[in-house]
Every structure is written in structure tokens, then in C-alpha cells.
Amino acid sequence: MITSIVLIRTSTDSIPEIAEHIAAIEGVSEVYSVTGAHDLIAMVRVARHDDLAEIIPGRISKVPGVRSTETHIAFRTYSQHDLETAFAIGLDS
């Protein structure tokens with residue numbers, strides 16, 4: 001699974017509507033409304049790199065109100081949930 005973090009600048013008068021539209025796109029797992037230089041952050045999870053090209057410039061960037069995107073591809077995923085699961089292997093609860 002390939003995870004991509006997409007930083008999105010939008011028209012500020014319709015952030016919730018744009019976020020809902022983006023969240024409905026297949027491959028987008030979450031959309032966060034955030035503070036700072038960007039308005040939204042979308043998490044995109046796909047099986048193939050080619051799918052990113054279809055989803056990000058092909059769909060997210062074309063949502064009305066999206067002004068620009070900046071994409072970062074994750075090399076590895078680290079999470080507290082994964083660490084807790086790994087350390088719990090073989091332990092009786």
C-alpha cells in the first residue's frame with residue numbers, strides 16, 4: 001500500500017464542501033481541515049503509483065475550489081497502534 005499526504009489550498013469560503021467532495025473520492029481515506037499555510041490535508045492510500053496520478057492531479061486537483069496541491073509520498077509508516085500490537089505478540093492479557 002502506498003500512502004500519500006496531499007496538502008491542499010482551497011477557496012476559504014467553501015472548505016467544508018470541498019473537503020466532503022475530496023473525501024468521497026475513491027482512494028482518499030481521510031481529509032483534515034487544518035490551520036497554517038494549507039487548508040486541507042488528504043491521506044491517499046493506493047496499491048500502485050499509477051493510481052496516484054489518477055487520483056491527485058486527475059480528481060483532487062479538479063474539484064471546484066481547489067487552488068493547489070502539494071504531494072508527499074510516505075516511505076514508511078510508524079504508528080503507536082502498530083508498536084503496541086508488535087509488543088503485545090505472545091503476551092497473555
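## The sheet

Strand 2 and strand 3 pair over five bridges in the antiparallel sense; strands here are DSSP runs of E with at least two residues, helices are runs of H or I with at least four, and both are numbered from the N terminus. Two strands count as paired if DSSP finds at least two bridges between them. This is a predicted model, in which local features need pLDDT of at least 70 and side-chain atom pairs count only at pLDDT 80 or more, while totals for chains, interfaces and linings use all residues. Residues are numbered from 1 along each chain as its sequence is written, and side-chain values use heavy atoms, with hydrogens and water left out.

Strand 2 and strand 3 form a hairpin with six residues between them, and G36 in the turn has a positive phi of about 105°. S33 stands opposite L40 in strand 3. Zooming out, four strands form an open sheet in the order 2-3-1-4, with antiparallel pairing. Strand 2 and strand 4 are the edge strands, each pairing on one side only. On average, neighbouring strands of this sheet are turned by 20° against each other, direction ignored; axes are lines fitted to C-alpha atoms, for helices over the stretch in contact, and angles run from 0 to 180 degrees between N-to-C directions.

## Strand 1 and its neighbours

Strand 1 runs antiparallel to strand 3, joined to it by seven bridges, and it also pairs with strand 4 in the antiparallel sense over seven bridges. V6 is a handy landmark: V6 stands opposite A42 in strand 3 and opposite T71 in strand 4. I8, in turn, stands opposite L40 in strand 3.

Seven of the nine residues of strand 1 are buried, so strand 1 is largely enclosed by the rest of the structure. Buried means under 20% relative accessible area, exposed over 50%, and partly exposed in between (1.4 Å probe, protein chains only). Strand 3 is also largely enclosed, because five of its seven residues are buried.

In helix 1 (residues 15-23), I15, I18, A19 and I22 are buried. They cover an arc of only 100° around the axis, which puts them on the same side of helix 1; the arc is that of the directions from the helix axis to the C-beta atoms. These buried residues pack against strand 1 (2-10), strand 2 (28-33), strand 3 (40-46) and strand 4 (66-73), where contact means heavy atoms within 4.5 Å.

The largest nonpolar core has 19 residues, and those with the most contacts inside it are I8, I22, V28, V44, I55 and I60. Such a core is a set of buried Ala, Val, Leu, Ile, Met, Phe, Trp, Tyr and Cys residues joined through side-chain atoms within 4.5 Å. Strand 1, helix 1, strand 3 and helix 2 (49-55) each supply at least two residues of this core. Leaving aside residues up to four places away in sequence, I8 touches several residues, including I22, L40, A42, I60 and V66.

## Salt bridges

The count comes to three salt bridges, each a side-chain nitrogen of Lys or Arg within 4 Å of a carboxyl oxygen of Asp or Glu. One of them joins the side chains of E30 and R45 (3.0 Å, N to O). This pair links distant parts of the chain, with E30 in strand 2 and R45 in strand 3, 15 residues apart. E30 is partly exposed at 28% relative accessibility, and R45 is partly exposed at 33%.

R48 forms a salt bridge with D50, their closest N and O atoms being 3.6 Å apart, and the side chains of R48 and D51 meet in another (2.9 Å, N to O). D50 is exposed, with a relative accessible area of 56%, whereas D51 is buried at 18%. Salt bridges that share partners join R48, D50 and D51 into one network.
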